[in-house]
Amino acid sequence: MNISLVCTEDPADLLGKWVLVHVGFAMSVIDEDEAKKTQETLLAMSQLEHEVGDFLGLNQK
């Protein structure tokens, strides 16, 4: 992962912090509440995608 967009000083300063990552790049430092909300949203999107695929017959077994 590339942290150059969020880290201009010592990389150790990021230890224990949450970062939003997109295609291998840390885009921003976020707080724990925002990280949890983002995880929940991504999980919901993943579940919805699966349900839509089932509805359309895309996830046939």
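Student: Which residue in the turn between strand 1 and strand 2 has a positive phi?

Tutor: This is a predicted model. Strand 1 and strand 2 form a hairpin, with two residues between them.

Student: How many bridges join strand 1 to strand 2?

Tutor: Strand 2 covers residues 25–30. Strand 1 covers residues 18–22. The two run antiparallel, and the number of bridges joining them is five.

Student: Which residue in strand 2 stands opposite L20?

Tutor: Start with L20, which lies in strand 1. Then look across to strand 2: the residue opposite L20 is S28.

Student: Is L20 buried, partly exposed or exposed?

Tutor: Buried means under 20% relative accessible area, and exposed means over 50%. L20 has a relative accessible area of 35%. That value falls in between, so L20 is partly exposed.

Student: Which side chains meet in the salt bridge?

Tutor: The structure holds one salt bridge. Side chains of opposite charge can pair when their charged atoms come close. Here the N to O distance is 3.4 Å, and the pair is E32 and K36.

Student: How far apart along helix 1 are E32 and K36?

Tutor: Helix 1 spans residues 32–56. E32 is partly exposed at 42%, and K36 is partly exposed at 41%. Because they sit four residues apart in this helix, their separation is about one helical turn.

Technical notes. Residues are numbered from 1 along each chain as its sequence is written. This is a predicted model: local features need pLDDT of at least 70, side-chain atom pairs count only at pLDDT 80 or more; totals for chains, interfaces and linings use all residues. Side-chain values use heavy atoms; hydrogens and water are left out. Buried means under 20% relative accessible area, exposed over 50%, partly exposed in between (1.4 Å probe, protein chains only). A salt bridge is a side-chain nitrogen of Lys or Arg within 4 Å of a carboxyl oxygen of Asp or Glu. Two strands pair if DSSP finds at least two bridges between them.
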